[in-house]
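Here's a quick tour to follow with the structure open beside you.

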Amino acid sequence: MPSFRSRIIRSLSAGTALTTLAIGLAACGNSNASTDVAAKSAGVVTVGALSNGAAKQTDLKVSEVASISSELPVSVAKSGQLVIGVGALPAGFPPLAYIGSDQKTLTGAEPDFGRLVAAVLGLKPVVKNSTWENLFVGIDSGKTDVGFSNITDTEERKKKYEFASYRQDNLAFEVLKSSTWNFDGDYKNLAGKTVAVGAGTNQEKILLEWQAKLKKEGKKLTVKYYPDNNGVRLALSSGKIDAYFGPNPGIAYQITQDAKTTHPTRNAGKFSGAGASLQGLIAATAKKDSGLAKPVADAINYLIKNGQYAKWLAAWNLSNEAVSTSEVNPAGLPLSNS
């Protein structure tokens, strides 16, 4: 999550709330207890469990890679476990991290990926759910080894943390499945359209910039605001808006929820959450100089090379956020935007 968004929001963005209010999974309860829904048997990690229809449950074969686990800091290797921080309390942010269909277990793409990385490192995954603020408190104190919680790599955060990238940080347009319109990466395609967006969010900032450009070109883009997800859904299904602009993962989730309704939706195009000049990146986050970023990045690259990474993304309908390689401390959101 870019930090210029985090002043307003805790997870994906304020717009995520529009996407997530419909899930009805308020029972986060005491979900800060360690959870591990993944270990069916040695060498197998299950992703997409208890997803409430957001993912296709998939068993992935993955075992320790000694050449990578040998890179671990001695303290982590000796502990035999990887403590994975997720900042999804109180309400979660599906499909990335939220309480599953059993109303008690933390599920989502983020904790699933943390478990996959732990398997490559030969460590027992211990997933701890907390508030967004306490996620970083845990990393700072050393009680949490690494955060997998939709954390965007920023230059500001590099003052305290080290990163291993693993997903693109994208926004997207949601339209009715029957719509023929596509964004195609060009703001000019928004001319004449009416688009809903969450107030005070990064996506609103970007959309209003496009609106201003179109106005200078003598074209109109109408921006609409709704108080909750139900308002967005009703406006989209009734044709009052042409599209909703929000976080790509939240839209991926909503599409799964709309699939069997009378008004199914689809993704009509993505855009970097960092803007046109930089592809935003989501990264595993560890304390600076902890020595964890390198082995975590190598574990991610092993998963990319051997296919488990693509299958994990596909299970959660997030294939459009794939990266070709994991980088240690790649260029992040500039200080001017942090």
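**Around helix α10**

Just past the end of α10, Gly 307 adopts a positive phi of about 95 degrees. Keep in mind that this is a predicted model.

- Helix α10 covers residues 293-305, which makes 13 residues. From first C-alpha to last it reaches 18 Å, close to the 18 Å expected at 1.5 Å a residue.
- Which residues of α10 are buried? They are Ala 293, Pro 295, Val 296, Ala 297, Ala 299, Ile 300 and Leu 303.
- An α-helix has 3.6 residues a turn, so residues three or four places apart point the same way.

**The five-stranded sheet**

- Five strands make up an open sheet with mixed pairing, in the order β12-β11-β13-β10-β14.
- The edges belong to β12 (222-224) and β14 (265-272); each has a single partner strand, so one side of each has no neighbour in the sheet.
- From one strand to the next, the twist averages 30 degrees.
- Strand β11 (residues 194-197) and β12 run parallel and are joined by three bridges.

**Nonpolar cores**

- How many residues does the largest nonpolar core have? It has 52, and those with the most contacts inside it are Phe 113, Leu 116, Val 117, Leu 121, Phe 148, Trp 312 and Trp 316.
- Elements that give two or more residues to this core are β2 (44-47), β4 (81-89), α5, β9, α9, β15, α10 and α11. The most comes from α5, with seven residues.
- Not counting residues up to four places away in sequence, Leu 116 touches Val 45, Val 47, Leu 60, Val 62, Leu 303 and Trp 312.
- Apart from that core lies another, of 19 residues, including Trp 181, Phe 183, Ile 206 and Ala 243.

- Is Glu 110 buried or exposed? With a relative accessible area of 0%, Glu 110 counts as buried because that value is under the 20% cut-off.
- Glu 110 sits in helix α5, and its side chain makes a polar contact with the side chain of Arg 167 at 3.5 Å.
- Leaving aside neighbours within four places in sequence, the contacts of Glu 110 are Leu 96, Phe 148, Ser 149, Asn 150, Tyr 166, Arg 167 and Ile 282.
- Asp 102 is found in the loop between β5 (98-99) and β6 (106-107). Its relative accessible area is 29%, so Asp 102 is partly exposed.
- The Asp 102 side chain makes a 2.5 Å polar contact with the side chain of Thr 105, and reaches the backbone nitrogen of Lys 104 at 3.0 Å.
- Asp 102 and Ser 51 are 51 residues apart along the chain, with 9.3 Å between their C-alpha atoms.

Methods
Residues numbered from 1 in each chain as written. Predicted model: local features only at pLDDT ≥ 70, side-chain atom pairs only at ≥ 80, totals over all residues. Heavy atoms only, no water. Helix = DSSP H or I, 4+ residues; strand = E, 2+ residues; numbered from the N terminus. Expected span 1.5 Å × (residues − 1). Buried < 20%, exposed > 50% of the residue type's maximum accessible area, 1.4 Å probe, protein only. Polar contact = N/O pair within 3.5 Å; in protein donor to acceptor, adjacent residues only side chain to side chain. Contact = heavy atoms within 4.5 Å. Pairing = 2+ DSSP bridges. Axes fitted to C-alpha atoms, helices over the stretch in contact; angles between N-to-C directions. Core = buried A, V, L, I, M, F, W, Y, C linked by side-chain atoms within 4.5 Å.
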